[in-house]
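Hi everyone, thanks for coming. Have a look at the screen while I bring up today's structure.

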Amino acid sequence: MPEDIRRCTRCILPESYPNVDFDENGVCRVCREFEEKHAAVDWKAREKKLEKILDRYRRRGLKYDVLVPFSGGKDSTYTLWLLKNKYDMRCLAFNFDNGFLDDDALVFVKKTARKLGVDLVTYTPARDLLNKVYKRALEATGEFCAACVVLMPTAIFRAAENHGIRLIVAGFSDILEAPPPETSYMDRVCFRNIMKDHFDMRELEWDYFFPSWKRMFKVKQVNLPNFIPWNLPEIYRTLNEELDFGKSMKDVRYDCLGTPHSSYLFRLRTGFGKYEYLYANMVRAGVIDREEALEIVRKREPKGPPDGFEEFIGALGCDMSVMDGIEEKSVFNFKTRNRKLRDLAIRIRRLVP
Ligand SMILES: [Zn+2]
């Protein structure tokens, strides 16, 4: 990564970030918007709202009150721990294994579910269909992550429905994890348009197209970090004391094994890497200091293709010709759902009790 590039003086976003717009102090637009948006959050009111939601679902299911997507990372582990021990919810932990999970993470998932005394189901889709979807996504859009971005929530909703659960509580943090809206987008209309001439759509129905009316009205989903302050020092302390988590804030983030490769592809198209915005998010949220983040990003964002890149692409069923013209490929070349309809659907889903 060239080090003569200009970066935000507060987080680490580089000048290649879309509309980065540094002010006279060198602070980027994203940092300024963050400050505005998060200065006025009334956490007490939010937690009250969360308690109201949980009260509504507690002891309402046959066996489970809530489904918790559980990857073994700090956020989902803490979410599961809180729901079980603080909020007295009967949880079903749901692990989605795309085949790119660290073996250690899978061992931890099993061990932790047992320790917490919660039931665990894992869904591991067969590799051939997944690979076909990864391959098509990569050829069409220059990235393969769309396959999981659509499959994972579908699998989560379906698991909830299959177990008679009407509430999903996840540990996904928009502040820390959400990709830049300027570079990344996916909805199922867009996904269908990418896949349509390459599959018999019935082949994809089960894994990719959970009926949207059920998502809207039959199953409610909330993300815990939107309702309570996500205090990472406290989270690590709790997990290490209670669950032998064995990690600290200084450890590098746990990710899918595909992330270095997807970050490299992402950088070819956007001019910056996924680790750059992920660690910028962490600096902004006060999780890690700027210098530390810069050092990790320097290590994790390779200048060329990461180790094993060609093998990785080969494992998805592609050869290196898929890289031809990759800079021009984008998910935005495909028609997406109408924005107004989408925003309306999101608003309705929030209103559903
Ligand atoms: Zn910034």
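This is a predicted model: local features need pLDDT of at least 70, side-chain atom pairs count only at pLDDT 80 or more; totals for chains, interfaces and linings use all residues.

Our strand is β2, residues 91-96. Is it buried or exposed? Well, 6 of its 6 residues are buried, so the rest of the structure largely encloses it. Look at how the side chains go: C91, A93 and N95 point one way, while L92, F94 and F96 point the other way, and all of them are buried.

Okay, which strands does β2 pair with? One is β1, residues 66-69, which pairs with β2 in the parallel sense over 4 bridges. If you want to find that spot, V66 has C91 as its bridge partner. Another is β3, residues 119-123, which runs parallel to β2 with 5 bridges joining them. There, F94 is partnered with V121.

Going from β1 through helix α3 (residues 74-85) to β2 gives a right-handed β-α-β unit. Then β2, helix α4 (residues 103-116) and β3 make a right-handed β-α-β unit as well.

In soluble globular proteins, nonpolar side chains tend to be buried together. Here the largest nonpolar core has 57 residues, and V66, L67, V68, C91 and A147 have the most contacts inside it. Helix α6, residues 146-162, gives the most to this core: 10 residues. Apart from it there's another core, of 19 residues, including C8 and Y279.

Last stop, V68: beyond its neighbours within four places in sequence, its contacts include L80, C91, A93, F94 and V169. That's my tour, thanks!

Note on methods: Residues are numbered from 1 along each chain as its sequence is written. A residue is buried if 20 or more other C-beta atoms lie within 10 Å of its own, exposed if 12 or fewer, and partly exposed in between; C-beta atoms are placed from the backbone. Helices (H or I, at least four residues) and strands (E, at least two) are DSSP runs, numbered from the N terminus. Two strands pair if DSSP finds at least two bridges between them. A crossover is right-handed if, with the strands pointing away from the viewer, the path from the first strand over the helix to the second runs clockwise. A nonpolar core is a set of buried Ala, Val, Leu, Ile, Met, Phe, Trp, Tyr and Cys residues joined through C-beta atoms within 7 Å. Two residues are in contact if their C-beta atoms, placed from the backbone, lie within 7 Å.
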